[in-house]
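Reader: I am new to this structure and would like to go through it step by step. Could we begin with the helices?
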Amino acid sequence: MCYKWPMTTTTIRLAPALKKRVAKLAKCSGQSAHNLLLELIDAGVTRAEARADFVAEAHSRLAEFEETGRGVPWSEMKVWLEARAHGEKPTLPRARRVLPR
């Protein structure tokens with residue numbers, strides 16, 4: 001991973017045991033502890049952003065479902081998923097009102 005200058009400075013305090021673990025990993029990977037920490041922070045932030053996007057999408061879909069009451073019953077979706085898992089190409093079940101009005 002390549003970071004472009006200028007970069008801001010942030011100080012973090014590491015427990016001695018964690019600092020040793022970082023140094024050991026950095027040595028094994030042939031990079032500096034600084035670069036290893038940059039990569040680890042970047043990966044963690046990327047993962048947290050993806051999780052936040054996933055949760056936001058889930059909330060949005062739940063709100064839409066609660067508003068419209070439309071969806072595919074689990075019994076039908078399960079059959080469709082199992083067929084796909086076995087290499088079949090079944091027709092996707094159609095969404096319809098599944099919640100009472």
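Author: We can, and one definition is needed at the outset: the expected span of a helix is 1.5 Å times one less than its number of residues. Please also keep in mind that this is a predicted model.

Reader: What span should α3 have at 1.5 Å a residue?
Author: The 12 residues of α3 should span 16 Å, and its end C-alpha atoms are 16 Å apart, so the two values agree.

Reader: And how far apart are the end C-alpha atoms of helix α2?
Author: They are 52 Å apart. Helix α2 covers residues 33-68, and a span of 52 Å is also what its 36 residues should give at 1.5 Å a residue.

Reader: How many residues has helix α1?
Author: Helix α1, residues 16-29, has 14 residues. From the first C-alpha to the last it reaches 20 Å, close to the expected 20 Å.

Reader: Which residue takes a positive phi just after α1?
Author: That is glycine 30, with a phi of about 75 degrees. Glycine 69, which follows α2, has a positive phi near 75 degrees. Just after α3, glycine 87 takes a positive phi of about 85 degrees.

Reader: Let us change topic. How many salt bridges are found in the whole structure?
Author: The search finds 2 salt bridges.

Reader: Which side chain does arginine 61 meet in a salt bridge?
Author: Arginine 61 meets the side chain of glutamate 57, at 2.7 Å from N to O. These two residues are 4 residues apart in helix α2, which means that about one helical turn separates them.

Reader: Is arginine 61 buried or exposed?
Author: Arginine 61 counts as exposed, because its relative accessibility is 56% and the cut-off for exposed is over 50%. Glutamate 57 is partly exposed, with a relative accessible area of 39%.

Reader: Which side chain meets glutamate 76 in a salt bridge?
Author: The side chain of arginine 96 does, at 2.4 Å from N to O. Glutamate 76 belongs to helix α3 and arginine 96 to strand β2, so this pair ties together parts that are 20 residues apart in sequence. Glutamate 76 counts as partly exposed at 30% relative accessibility, and arginine 96 counts as partly exposed at 34%.

Reader: Now the surface. Which residues form a positive patch there?
Author: The positive surface patch is formed by Arg70, Arg94, Arg97 and Arg101.

Reader: Where does arginine 94 lie?
Author: Arginine 94 is in the loop between α3 (74-85) and β2 (96-97). With a relative accessible area of 71%, arginine 94 is exposed.

Reader: Which residues form a nonpolar patch on the surface?
Author: Ile12, Leu14 and Leu18 form it, and together they have about 230 Å² of accessible area. Isoleucine 12 is found in the segment before α1. Its relative accessible area is 48%, so isoleucine 12 is partly exposed.

Reader: One more residue, please. Where does lysine 24 lie?
Author: Lysine 24 is part of helix α1, and it is exposed, with a relative accessible area of 60%.

Reader: What separates the C-alpha atoms of lysine 24 and aspartate 42?
Author: A distance of 19 Å separates the C-alpha atoms of lysine 24 and aspartate 42, and along the chain the two residues are 18 residues apart.

Technical notes: Residues are numbered from 1 along each chain as its sequence is written. This is a predicted model: local features need pLDDT of at least 70, side-chain atom pairs count only at pLDDT 80 or more; totals for chains, interfaces and linings use all residues. Side-chain values use heavy atoms; hydrogens and water are left out. Patches are made of residues with over 30% relative accessible area and no salt bridge: like charges are joined within 9 Å, nonpolar side chains (Val, Leu, Ile, Met, Phe, Trp, Tyr) within 5 Å. Accessible areas come from the Shrake-Rupley method with a 1.4 Å probe; for residues, only the protein chains shown count as cover. A salt bridge is a side-chain nitrogen of Lys or Arg within 4 Å of a carboxyl oxygen of Asp or Glu. Lys and Arg count as positive and Asp and Glu as negative; His and the chain ends are not counted. The place of a charge is taken as NZ of Lys, CZ of Arg, CG of Asp or CD of Glu. Buried means under 20% relative accessible area, exposed over 50%, partly exposed in between (1.4 Å probe, protein chains only).
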